[in-house]
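Okay, everyone, thanks for coming. Let me put the structure up, and then I'll talk you through the rings and the ligand.

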Amino acid sequence: MCGIIGYIGNKNAIPILINGLKRLEYRGYDSAGISFIGSNGIGVRRCAGKIKDLESSIRGQRLRGIIGVGHTRWATHGRPSERNAHPHRAGGIVVVHNGIIENYFELREALKKNGHVFTSETDTEVICHLILSYTKKGHGLEEATKKALKHLQGAYAIGIISESEPDRLVAVKNDSPLVIGMGRGEYFIASDIPAFLRYTKDVIILDNGEMATITRNGVEISDVFRDKPVKKKPVRITWSPSMAEKGGYRHFMLKEIYEQPRAIADTIRGRLSLEKAEVNLNEFSLKETLLKKLNKIFLVACGTSWHAALVGKYMIEDMARVPCEVDIASEFRYRKPIIPRGSLVIVITQSGETADTLAAQREAKRLGAKVLSICNVIGSTSPREADGVFFTHSGPEIGVASTKAFTTQLTALYLFSIALAKVRGALTAGAVRELFTDLLQLPEKVEEALRVNDTVLKIAKKFRHVRDFLYLGRGINYPIALEGALKLKEISYIHAEGYPAGEMKHGPIALIDNNMPVLALAPEDSVLEKIISNMEEVKTRGGKVIAVASEGNSKVLSRASHVVLMPRTNYYLTPIIFTIPLHLLAYHMAVLRKCNVDQPRNLAKSVTVE
Ligand code: F6R
């Protein structure tokens, strides 16, 4: 789990690499480094820590080079340290790598026997030595790389430069993301588009097994394993560079919370036909006949995306009456799931690169299911391997804690449920139009919901020192209780649990006292009275209740010490609205406790290892 960048052109590569690494820091941030070829040959600068540490370590050194590679790391093999930081070098070969070489140990032993000396504990270093061993046999960088790749098992996106061929940058991809930025007379490689978005919007997305040989005159792509050239057209990215920056907010997380009205509107855009009362599924590629015949749906994901999957079950079963099973991806892949004929597996993943989700997706396909990927990153692995895709259009999500990606996943699931219900005759055209009308009002409602920020900040100030927090929800909002608790845990390091409110008296009620705030989700729905009783139970035991309730709901006022009122919407959309104050609460608690909101300890944005 790392970010890589590479540059070849006529500008000084060093600031471009550093800048690109800053945009990739969300992929890992325990050590970093760059390498470049200048008038004195190859230079390598690395350090443990973040990009800003690397930047300060090279300040004043006047480094120059018009070709180079860089890396920001999240350790997999070998602890975070300067010695294990990338780029790695053997002779004149320098490599940056994102992924895991599964057979590195055997390869390293064999190379050692042939006299190669290793200086790090990483799996990556074997790549440099393998390429070096082929260049020593007289092969050029491109050919040597191809030969080296035949030995590698595992996942990799690699950038390579060579001192003896200072006018070419070689990049290869297999199971880890890699994109090429096409400038004028300058080219970039990176794990993700924001790394070079300020320089170019024209992008080539590499597929597995593809290698790019890049000079200042252009890019040549070949299929390494079939040994033949591949023609690829660049795609134009519509994100502006500022979309990938903080845009004036103190943290990416806050910026992304406030981007939700736009992100949701973009996810809806072009997908509704009010006249026909239909969801437009052009990109979807799953046939209507398949949807009609579905017997069962599995929803599979990790973390926050799994919470979206749980909400999806309520939506799909209620609207389309198709039975759903929800699985955590890391469980699904090992539990020998029974997938009857006519099953659809929906994988939900912001990044499209989560290792467990991809493994579950592949297992589902192996077992004969059709797979639909709900994903935010175009060009990532999950949608590319799926039978059908539904892209959420929330734009790049950089804060480690997922916010706008989550609410756009819920939006996508709402649209999918309506589409499925309509195709199967479970909803009339009139009902579909009503659901559409509510959805079209949603961006505005989210805008309105964001106005509770000051109220939430006051609540955060009041509870910033607590050690534990309980979140209660029922029905479709039970997963939102889980989501609120997860966010609080991961960014403010307060222990929090989410519970279905009805379960409280089966155990957690024993925890209730004056020091344990309880946040209760109380939208105006069929279980409102039940949740109000749960709030009473907490209150009578001396607990403090924070109620998040629908506007105009006076019943909760006397049962809660704090109330946050949310705009009303239909039942299926309440999880989106009710998530807003929970994400804001976690954010403010973390800021007040001086936690690193965008890069919480021990976490990385996309978990591309098991
Ligand atoms: C929590 C969070 C994670 C991710 C999880 C899955 O805020 O962001 O729990 O939701 O790692 O990631 P994706 O959706 O990229 O598969």
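So, Tyr572: its relative accessible area is 13%, and since that is under the 20% cut-off, Tyr572 counts as buried. Tyr571 comes out at 30% relative accessibility, so that one is partly exposed. Before I go on, please keep in mind that this is a predicted model.

How are the planes of Tyr571 and Tyr572 arranged? They sit at 70 degrees, with the ring centres 5.2 Å apart, and because anything over 60 degrees counts as edge-to-face, that's what we call this pair.

Let's stay with aromatics for a moment. The structure has nine aromatic pairs. Another one of them is Phe188 with Phe196, and this pair is tilted: the planes are 35 degrees apart and the centres are separated by 5.7 Å. Phe188 and Phe196 are both buried. They also belong to an aromatic cluster, together with Tyr7 and Tyr199.

In one, the charged end of Arg601 sits over the ring of Tyr493, at 3.8 Å from the ring centre. In the other, Arg108 has its charged end over the ring of Phe118, this time 5.9 Å from the centre.

How many residues surround it? The answer is 13, and the closest are Ser305, Gln350, Ser351, Thr354 and Glu490. If you sort that shell by class, you get eight polar residues, three nonpolar and two charged.

Where does the shell come from? Helix 9, which runs 303-320, and helix 16, which runs 478-492, each give at least two residues. The largest share is from helix 9, with three residues.

Glu490 has a polar side-chain atom 2.4 Å from an oxygen atom of the ligand. With Gln350 it's the backbone instead: one of its N or O atoms there lies 2.6 Å from a ligand oxygen. And for Lys487 we're back to a side chain, with an N or O atom 2.9 Å from an oxygen of the ligand.

How much of the ligand's accessible area does the protein cover? On its own the ligand has 410 Å², and the protein covers 91% of that.

That's my tour, so over to you for questions.

Note on methods: Residues numbered from 1 in each chain as written. Predicted model: local features only at pLDDT ≥ 70, side-chain atom pairs only at ≥ 80, totals over all residues. Heavy atoms only, no water. Near = heavy atom within 4 Å. Polar contact = N/O pair within 3.5 Å; in protein donor to acceptor, adjacent residues only side chain to side chain. Areas by Shrake-Rupley, 256 points an atom, 1.4 Å probe, with all protein chains shown as cover. Helix = DSSP H or I, 4+ residues; strand = E, 2+ residues; numbered from the N terminus. Nonpolar A, V, L, I, M, F, W, Y, C, P; charged D, E, K, R; others polar. Phe/Tyr/Trp six-rings, centres within 6.5 Å; stacked < 30°, edge-to-face > 60°. Buried < 20%, exposed > 50% of the residue type's maximum accessible area, 1.4 Å probe, protein only. Lys NZ or Arg CZ within 6 Å of the ring centre and 35° of its normal.
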